[in-house]
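Here is a short briefing on one chain. It covers the fold, the surface and the charge pairs.

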Amino acid sequence: MAGFRRTVLLEVATELFSRQGYHAVGIDDIGAAAGVTGPAVYRHFQNKDAILRELCNAAMTELLTGARLAAQEGDAEHVLNVLITVHAGFGARHRRLVAVYVREHRALSPIALRSLRRRQRDYEAIWTDALVQLRPDLGAAEVCGVVTAVLSLINAAAHMPAELDDAAVERLLSTAAAAVLLARSPDDVDVDSAAG
């Protein structure tokens, strides 16, 4: 029962943080939305920071686990395709959590934020290592820039229209991310043929 209650509290917190923002939501708000008193929340979480920390860590753990598995799967293009699928699928299924992660992670305590940023760097390094192999035409800074752009693009799952189901969101994000990762320089594009 305790595990169930904890899960409910995390789900409610995700919903409230994504709609109202972390700073606008109090422990009493989370408790009320979950059908318990504010003090009852403290039986599961030390404070509001602990709730945000668990949400951010859960998101990063799922993504990092998927990325580490992807990194073992073969050539760079295959690895990147798996990375895209993992991240786009996660974003499509957990849009509110992505919104909280992207917008609110800076509200974490300094220690928790440093720990999360280390894990973010580990995650980004897996993308970067694969892209370096696939795109020798790019310099190191450009590779980092492309990875940053692609991750921001996929994290736009948080802002996708509610009318789109998870499969449509995943497809849109995956297609767009692949296009960015494999894009050529505008100088290499035949403008006349591209214009049709």
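Lys and Arg count as positive and Asp and Glu as negative, while His and the chain ends are not counted. A charge is placed at NZ of Lys, CZ of Arg, CG of Asp or CD of Glu. On that basis, the mean positions of the 20 positive and 24 negative charges of the chain lie 11 Å apart.

This is a predicted model: local features need pLDDT of at least 70, side-chain atom pairs count only at pLDDT 80 or more, and totals for chains, interfaces and linings use all residues. Residues are numbered from 1 along each chain as its sequence is written, and side-chain values use heavy atoms, with hydrogens and water left out.

**Fold**
- The chain has 10 helices and 0 strands. Helices (H or I, at least four residues) and strands (E, at least two) are DSSP runs, numbered from the N terminus.
- The C-alpha trace spans about 65 × 35 × 25 Å along its principal axes.
- Of contacts between residues at least 6 apart in sequence, 70% join residues at least 24 apart. Contact means heavy atoms within 4.5 Å.

**Surface**
- Of the 196 residues, 42% count as buried. Buried means under 20% relative accessible area, exposed over 50%, partly exposed in between (1.4 Å probe, protein chains only).
- The accessible surface is about 10500 Å², with 55% belonging to carbon and sulfur atoms. Areas come from the Shrake-Rupley method with a 1.4 Å probe; for residues, only the protein chains shown count as cover.
- Arg 106, Arg 114, Arg 117, Arg 118 and Arg 121 form a positive surface patch. Patch residues have over 30% relative accessible area and no salt bridge, with like charges joined within 9 Å.
- Arg 117 sits in helix α7 (residues 110-134). Arg 117 is partly exposed, at 35% relative accessibility.

**Salt bridges**
- The structure holds 8 salt bridges. Each is a side-chain nitrogen of Lys or Arg within 4 Å of a carboxyl oxygen of Asp or Glu.
- Arg 6 pairs with Glu 54 (2.4 Å, N to O). Arg 6 lies in helix α1 (residues 2-20) and Glu 54 in helix α4 (residues 48-70), so the pair ties together parts 48 residues apart in sequence.
- Arg 95 pairs with Asp 166 (3.1 Å, N to O). Arg 95 is in helix α6 (residues 95-104) and Asp 166 in helix α9 (residues 166-181), so this bridge ties together parts 71 residues apart in sequence. Arg 95 is buried at 16%; Asp 166 is partly exposed at 35%.
- Arg 19 meets Glu 15 (2.6 Å, N to O). Glu 15, Arg 19 and Arg 96 are linked in a salt-bridge network.

Technical notes: Patch = residues over 30% accessible without salt bridge, like charges linked within 9 Å, V, L, I, M, F, W, Y side chains within 5 Å.
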